[in-house]
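Welcome! Have a look at it, and then read on.

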Amino acid sequence: MRSCLVVDDSRVIRKVACRILSDLGFETAEAEDGVTALESCRAHMPEMILLDWSMPNMSGVEFLRALRRERAGDKPVVVFCTTENDVNSITEALGAGANEYIMKPFDRDIIQAKLAEVGLA
Amino acid sequence: MKPDDVAYLTHMLRRRSGMMLGRAKPEFIEGRLAPVMRRFGFKDVSGLVAELRHGRDALARAVTEAMTTNESSFFRDRPSFDVFEQLVLPALLTRRGSAKRLRIWSAACAAGQEAYSIAMLLDDHKLAAKGWTIDVIATDISAEMVARGEQGLYGHFEVQRGLPVRRLVDHFSQEGSSWRVGENLRRMVTFRPFNLLDSFGWLEDIDVVFCRNVLMYLDHKAKVGVLDQISEVLLPDGYLMLGSVETPQGLSNAFDPVPGSPGLYVPARAALPRQAVG
């Protein structure tokens, strides 16, 4: 089964995203900030990471830059899922190594469409 | 809904657009007509149909548009665009290398997503900078949809279904929570309201016709007529792109399938008067 780490400081968003991803055939894990997510990735590198931007301790972009420096950290497909919905943020995320970008609010169709974009549909 | 009203709507739609209502459920019809009823002040479908029977053309047009409008998305049915990008476009760029002119028709463009998707793929080749003249002609029976396409303004959800974020950043600019198609793409696309039952006389020398998921809604006579007219406006070495489950087989002998490319057709050798004359 494909694995996805959902990183978001909102418990509600993590729950909603995990439910959608589970329905789409993913085994999900959760992290509430970048630091916890990085620890999780070191223990088990997921196939995909759904990543919020603004979080305490370590932001999504900081996490992504750190992840890409980790051993096998280039492997996970990283899809941002954030309220940072401006062109500059999207460009910064892509520059940091994001594969796709979801602008909140999102629904199941958007997640499914983005999974297709990154070849995980 | 009264059976009489359904029968009247079925007949009217078929006459005005070639669309087959088939066994559409009353809820579907009422759902599609709800905005028209609000706009024209009707409380129920019966009242609306009663007015239609008096021959109000503006109302009939609005009903036809509401019933025939289909939701679309950027790069919808991606395999068709893969075929266009990997097979059709390279062939045409070679064949038209000296004329440097391409005319592509999106025959039922809805709010323009198909036409702009085509324009994005063309823009990848920077053809305008290389001196090419590109015309993407986008038509739809719905004047409202055509107006939306011309505006090129799409909502938060529309730009996140089928459109890779890299293309969003490269080709759109943000306006509040909406996104507007960039000027370079909009210059390539010309929108026009057009009923496929009307004469194609104003169209000529088309390199590629995108007519995807349209025939499936039309009655037999309309399908035959549309394919016949497409065969007249399509260049002898052009391409017809239908929906991947659609076929001209049994409707027209003017097209041959391209093996291995579902939905892609070329003018049949035997049906090429321009080549036969030459």
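This is a predicted model: local features need pLDDT of at least 70, side-chain atom pairs count only at pLDDT 80 or more; totals for chains, interfaces and linings use all residues.

Let us begin with strand 4 and strand 5 (residues 178-181) of chain B, which run antiparallel and are joined by 4 bridges.

## Helix 1 of chain B

Helix 1 of chain B covers residues 3-17, which makes 15 residues. From its first C-alpha to its last, helix 1 reaches 21 Å, close to the 21 Å expected at 1.5 Å a residue. Its buried residues are B:Asp5, B:Leu9, B:Met12, B:Leu13 and B:Ser17. Looking down the axis of helix 1 of chain B, you would find these buried residues within an arc of 100 degrees, so they line one face of the helix.

What do the buried residues of helix 1 of chain B pack against? Their partners are helix 2 (26-40), helix 3 (45-53) and helix 4 (57-68) of chain B. On the other side of helix 1 of chain B, the exposed residues are B:Pro3, B:Asp4, B:His11 and B:Arg15. After helix 1 of chain B comes B:Gly18, which has a positive phi, near 80 degrees.

## Helix 10 of chain B

Further along chain B is helix 10 (residues 220-233), with 14 residues. Helix 10 of chain B reaches 20 Å from first C-alpha to last, close to the 20 Å expected at 1.5 Å a residue. Buried in helix 10 of chain B are B:Ala222, B:Val226, B:Leu227, B:Gln229, B:Ile230 and B:Val233. Seen down the axis of helix 10 of chain B, its buried residues fall within an arc of 165 degrees, so they line one face of the helix.

The cover over the buried residues of helix 10 of chain B includes strand 1 (101-106), strand 7 (206-211), strand 8 (234-242) and strand 9 of chain B. B:Lys221 and B:Glu232, on the other side of helix 10 of chain B, are exposed.

Strand 10 of chain B runs antiparallel to strand 8 of chain B, with 2 bridges joining them. Here B:Met241 stands opposite B:Leu264 of strand 10 of chain B. Strand 10 of chain B is also joined to strand 9 of chain B, by 3 bridges, and these two run antiparallel. In that pairing, B:Pro257 stands opposite B:Tyr265 of strand 10 of chain B.

The hairpin of strand 9 and strand 10 of chain B has 6 residues between the strands. Two residues of this loop are worth a visit: B:Gly260 and B:Ser261. Is each of them buried or exposed? B:Ser261 has 8% relative accessibility and so counts as buried, whereas B:Gly260, at 80%, counts as exposed. Leaving aside neighbours within four places in sequence, B:Ser261 is in contact with B:Val83 and B:Leu87. As for B:Gly260, its phi is positive, near 80 degrees. The C-alpha atoms of B:Gly260 and B:Val83 are separated by 9.7 Å, though the two are 177 residues apart along the chain.

## A covered strand in chain A

Now turn to chain A, where strand 5 (residues 100-103) is covered on both faces. On one side A:Glu100 and A:Ile102 are buried, and on the other A:Tyr101 and A:Met103 are buried. In general, side chains in a regular strand alternate between the two faces of the sheet.

Strand 4 (residues 77-82) of chain A runs parallel to strand 5 of chain A, and 4 bridges join the two. A:Cys81 stands opposite A:Ile102 of strand 5 of chain A.

## Where the two chains meet

How many residues of each chain are in contact with the other chain? In chain B there are 15, in contact with 19 residues of chain A. Between them, chain B and chain A bury about 1400 Å², with 60% of it on carbon and sulfur atoms.

The interface of chain B and chain A also holds 3 salt bridges. One salt bridge to look for joins the side chains of B:Arg161 and A:Asp109, at 3.9 Å from N to O.

Methods: Residues are numbered from 1 along each chain as its sequence is written. Chains are lettered from A and ligands numbered from 1 in the order in which they are written. Side-chain values use heavy atoms; hydrogens and water are left out. Two strands pair if DSSP finds at least two bridges between them. The expected span of a helix is 1.5 Å times one less than its number of residues. Buried means under 20% relative accessible area, exposed over 50%, partly exposed in between (1.4 Å probe, protein chains only). The arc is that of the directions from the helix axis to the C-beta atoms. Contact means heavy atoms within 4.5 Å. Buried area is the accessible area (1.4 Å probe) that two parts lose on being put together, summed over both. A salt bridge is a side-chain nitrogen of Lys or Arg within 4 Å of a carboxyl oxygen of Asp or Glu.
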